[in-house]
Amino acid sequence: MPIAQLPKIKHVRAFTVRGGGADYHDQGEGHWIDNHIATPMSRYPEYRQSRQSFGINVLGTLVVEIEAEDGTIGFAVTTGGEPGCYIVEKHLARFLEGRAPTDYEKIWDQMYFSTQYYGRKGLVINAISGVDLALWDLLGKLRGEPVYHMLGGAVRDELQFYATGARPDVARELGFIGGKMPLHHGPAEGLEGLHKNIAELADMRAKVGDDFWLMWDCWMALDVDYATRLAIAAHEHGLKWIEEAISPDDYWGYAQLKKNVPTGMLVTTGEHEATRWGFRMLMEMDCCDIIQPDVGWCGGVTELLKISALADANGKLVVPHGSSVYSYHFVITRHNSPFAEFLMMHPGPTEVVPMFSPQLLGEPVPENGRLRASALDQPGFGVELNREIAMHRPYTH
Ligand SMILES: C[C@H](O)[C@H](O)[C@@H](O)[C@@H](O)C(=O)O
Ligand SMILES: [Mg+2]
């Protein structure tokens, strides 16, 4: 049997897209995801009502395309905007062009260590993640295989999802296994704000009944004392987990919070953490029960494989931050990823709509809170780029 010779990588291109997208891309007025959500900036009243007011959408979408010599194109969507384009075009592309698409380990190693002096987390790792995801998409398209086949195949027949959004009561009706709400009030709003938070949780618990998971996403907004008091007060309303309560850099605070929360309540974090080294710190300092890397921000699939193995050895669950097909193809292959996040990007949110709309075509969405593995049976990540959208290539090389 001759060894398959895949075409080499010919060109890497990076684009920005304005409008739509998922968590940090551009969302319109009145969207639940930008309505008085507690953040570290909430201590400044002028930045309390809207995350866009302090620039959460300042970067916007980063689209990476990798074209092979035979014209096949792999692509991926993440967050990074024009600065991300610059890093891809002016720095990372040199480690891919002319290489075999199967060399994703060496390519990742060179992208990471060549940018270590100015990267390590955040934007640079977003850019590396975008390149890595596009490379896995290309590999799947060249081989005619879905990414999850290349990661070892499905360990279960279907994915089950919890929904993130302001309406867990609607999520329950739609068949999701739980609902994660944004926290609306932070420490700067004092005891009154904490009582409002608890009242919202109590109201939602009354709507969804006792058995439906309810969680809070605190988006780095709190301190250990406030998070502890909130968790204790939320316990009677069955809060399943308190997510990203404090700064991602405060590993010591997470270790203390995990000791402080009532028995049975989980502490989760990780969507703003990056690489195996960052997640090793979360695990070795026993910061949380579930890690939540975003595969478009933590280093891509190549790095998430390492992070997940580390988590497995440490007995931790890995439930990636909502990133659509980019996490579904991973979650379905890992026994320590028993469920996935579905980020409700409908403004209400009262409907299930594709997360990365309008960027992706063919993006699968959960039905009755579930998605069969067979729904992922398309080459690569199984989606195509919507070439009707205005894409801008700010840099070339
Ligand atoms: C405010 C939102 O709930 C968060 O941005 C949430 O979408 C994100 O942190 C997540 O875990 O999905
Ligand atoms: Mg979160």
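**View 1. Helices H1 and H3 meet through the residues named here.** On the H1 side, Pro83, Gly84, Ile87, Val88 and Leu92 meet Leu123, Val124, Asn126, Ala127, Ile128, Gly130 and Val131 of H3. Nine of the residues in this contact are nonpolar, three are polar and none is charged. For those classes, Ala, Val, Leu, Ile, Met, Phe, Trp, Tyr, Cys and Pro count as nonpolar, Asp, Glu, Lys and Arg as charged, and the others, Gly among them, as polar. Two residues are in contact if their C-beta atoms, placed from the backbone, lie within 7 Å. Helices (H or I, at least four residues) and strands (E, at least two) are DSSP runs, numbered from the N terminus.

A word on the model: it is predicted, so local features need pLDDT of at least 70 and side-chain atom pairs count only at pLDDT 80 or more, while totals for chains, interfaces and linings use all residues. Residues are numbered from 1 along each chain as its sequence is written, and chains are lettered from A and ligands numbered from 1 in the order in which they are written.

**View 2. The axes of H1 and H3 cross at roughly 65°.** H1 spans residues 81-92 and H3 residues 123-143, and their axes come within 9 Å. That angle makes H1 roughly perpendicular to H3. Axes are lines fitted to C-alpha atoms, for helices over the stretch in contact, and angles run from 0 to 180 degrees between N-to-C directions. Angles under 35 degrees count as roughly parallel, over 145 as roughly antiparallel, 65 to 115 as roughly perpendicular and the rest as oblique.

**View 3. H2 packs against H3 at an angle of about 165°.** Helix H2 covers residues 104-115, and its axis is 11 Å from that of H3. The two helices are therefore roughly antiparallel to each other, and H2 passes H3 in a right-handed crossing. Look for Tyr104, Ile107, Trp108, Met111, Tyr112 and Thr115 in H2, which meet Val124, Ile128, Val131, Asp132 and Leu135 in H3. This contact has nine nonpolar residues, one polar and one charged.

**View 4. His321 carries an "active site" annotation in an unreviewed UniProt entry.** UniProt positions are given in the numbering used here, feature names are shortened, and annotations may be inferred rather than shown by experiment. His321 sits in the loop between strand S10 (317-318) and helix H11 (325-331). This residue counts as buried because it has 25 C-beta neighbours inside 10 Å. A residue is buried if 20 or more other C-beta atoms lie within 10 Å of its own, exposed if 12 or fewer, and partly exposed in between; C-beta atoms are placed from the backbone. Leaving aside residues up to four places away in sequence, His321 touches Glu271, Gln292, Pro293, Asp294 and Glu341.

**View 5. Arg120 and Asn368 have positive phi values.** Phi is near 80° for Arg120, which is found in the loop between H2 and H3. With 14 C-beta neighbours inside 10 Å, Arg120 counts as partly exposed. Asn368 has phi near 55° and lies in the loop between S12 and strand S13 (370-372). Asn368 is exposed, with 11 other C-beta atoms within 10 Å.

Key
A crossing is left-handed if the near helix is turned anticlockwise from the far one by less than a right angle, and right-handed if clockwise.
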